[in-house]
Amino acid sequence: MATVAELKPGQKGVIKEFASNLLPIKLLEFGCLPGNHIKLLQIAPLNDPLYVDVNGSHLAIRRNMAQLIEIDLLEDSDAL
């Protein structure tokens with residue numbers, strides 16, 4: 001299973017589950033929930049943080065948090 005940290009800019013996925021219960025409540029409030037679509041928009045110059053789109057909300061998340069969010073990758077034909 002892939003994680004958000006493994007996405008390349010422009011790639012999309014569907015959130016499946018979390019590898020830990022340590023995910024901040026704010027991420028859950030912004031829509032980082034199982035079943036929601038996520039897309040990597042940009043990676044900061046030093047590879048941290050990652051800028052993602054979660055169901056229309058743009059978020060910056062640290063790479064260590066992104067490694068806890070497991071996803072199923074979507075093909076281009078399954079676009080958001």
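Predicted model: local features only at pLDDT ≥ 70, side-chain atom pairs only at ≥ 80, totals over all residues.
Is leucine 40 buried or exposed, and what is its relative accessibility? Leucine 40 counts as buried because its relative accessibility is 1%, which falls under the 20% cut-off for that class.

**Leucine 40**
- Leucine 40 lies in strand β3, which spans residues 37-43.
- Leaving out residues up to four places away in sequence, leucine 40 touches Leu7, Lys8, Pro9, Gly10 and Gln11, and also Leu50, Tyr51 and Val52.
- Between leucine 40 and asparagine 64 there are 15 Å from C-alpha to C-alpha, with a separation of 24 residues in sequence.

**The largest nonpolar core**
- The largest nonpolar core contains 20 residues, and those with the most contacts inside it are Val4, Val52, Ile61, Ile69 and Ile71.
- At least two residues of this core come from each of β3, β4 (50-54), β5 (57-61), α2 (63-66) and β6 (69-74), and β4 provides the largest share, with three residues.
- Isoleucine 61, once its neighbours within four places in sequence are set aside, is in contact with Val4, Leu27, Asp48, Pro49, Leu50, Val52, Ala66 and Ile69.

**Strand pairing**
- Strand β2, residues 12-18, pairs with β3 in the antiparallel sense over three bridges, and β2 is also joined to β6 by six bridges, again running antiparallel.
- Lysine 12 stands opposite lysine 39 in β3 and also opposite leucine 74 in β6.

Notes:
Residues numbered from 1 in each chain as written. Heavy atoms only, no water. Helix = DSSP H or I, 4+ residues; strand = E, 2+ residues; numbered from the N terminus. Buried < 20%, exposed > 50% of the residue type's maximum accessible area, 1.4 Å probe, protein only. Contact = heavy atoms within 4.5 Å. Core = buried A, V, L, I, M, F, W, Y, C linked by side-chain atoms within 4.5 Å. Pairing = 2+ DSSP bridges.
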